[in-house]
Amino acid sequence: MEYTIINENIAVGKDGTVSVVKVGETVCVLKQFKKTKSAKRIQKEAEFQGKACELGVAPQVFHVDLDNKQIFMQGLDKTLLEVAKNRVPACLLKSEMEAIETICRTLDKHEILHNDGNCRNIMVDQGKIYMIDYGFAKKIDSKVLSKTNEPNIKFTLAMMKRSFRQNGIKAWL
């Protein structure tokens, strides 16, 4: 797929990089995986994100290029962490925490364990909150359910709250 880079490497993670690109007239996000990431894992991530998108809690996947180890997806405005840090005092609103809990419950109901409670995986676009990065996602099975019937609430949300606190967001108003 041909594209033009608009803003390269806006995020760098253990799996690869994220850039803003233009494909034709569409501006989107390109997640470029490292060469060591298997095509099977990339496909699985795209499938989980696609299912979460159908549920209204993740950005749309436009195209998956397994040969070049890329996922092209809907771009979102900014992380919720950026939004929270721009407030005085730096905080999350109660409605934002409720939105994150709703996303977690939606994923639980549809048997998707997000499994990566990093606060940078919560994005805001035009006031709506989304969860991104389904690289560690897996299907909720009986083994997970033996520990709790709401694994995203128990594990992902708990990790996310800790991650927000570690990044200077101490209050939930």
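**Burial and salt bridges in a predicted chain**

The model is predicted: local features need pLDDT of at least 70, side-chain atom pairs count only at pLDDT 80 or more, and totals for chains, interfaces and linings use all residues. Residues are numbered from 1 along each chain as its sequence is written, and side-chain values use heavy atoms, with hydrogens and water left out.

The chain holds five helices and 12 strands, taken as DSSP runs (H or I, at least four residues, for helices; E, at least two, for strands) and numbered from the N terminus.

Eight salt bridges were found in the whole structure, each defined as a side-chain nitrogen of Lys or Arg within 4 Å of a carboxyl oxygen of Asp or Glu. One of them joins K37 and D15 at 2.9 Å, N to O. K37 lies in the loop between β3 (26-33) and α1 (39-54), and D15 in the loop between β1 (4-12) and β2 (16-23), 22 residues apart. K37 is buried at 9% relative accessible area, whereas D15 is partly exposed at 22%.

A salt bridge also pairs K31 with D133 (3.1 Å, N to O). Because K31 lies in strand β3 and D133 in the loop between β10 (128-131) and β11 (138-139), this pair ties together parts 102 residues apart in sequence. K31 is buried, with a relative accessible area of 10%, and a network of salt bridges links K31, E45 and D133.

Terms used: Buried means under 20% relative accessible area, exposed over 50%, partly exposed in between (1.4 Å probe, protein chains only).
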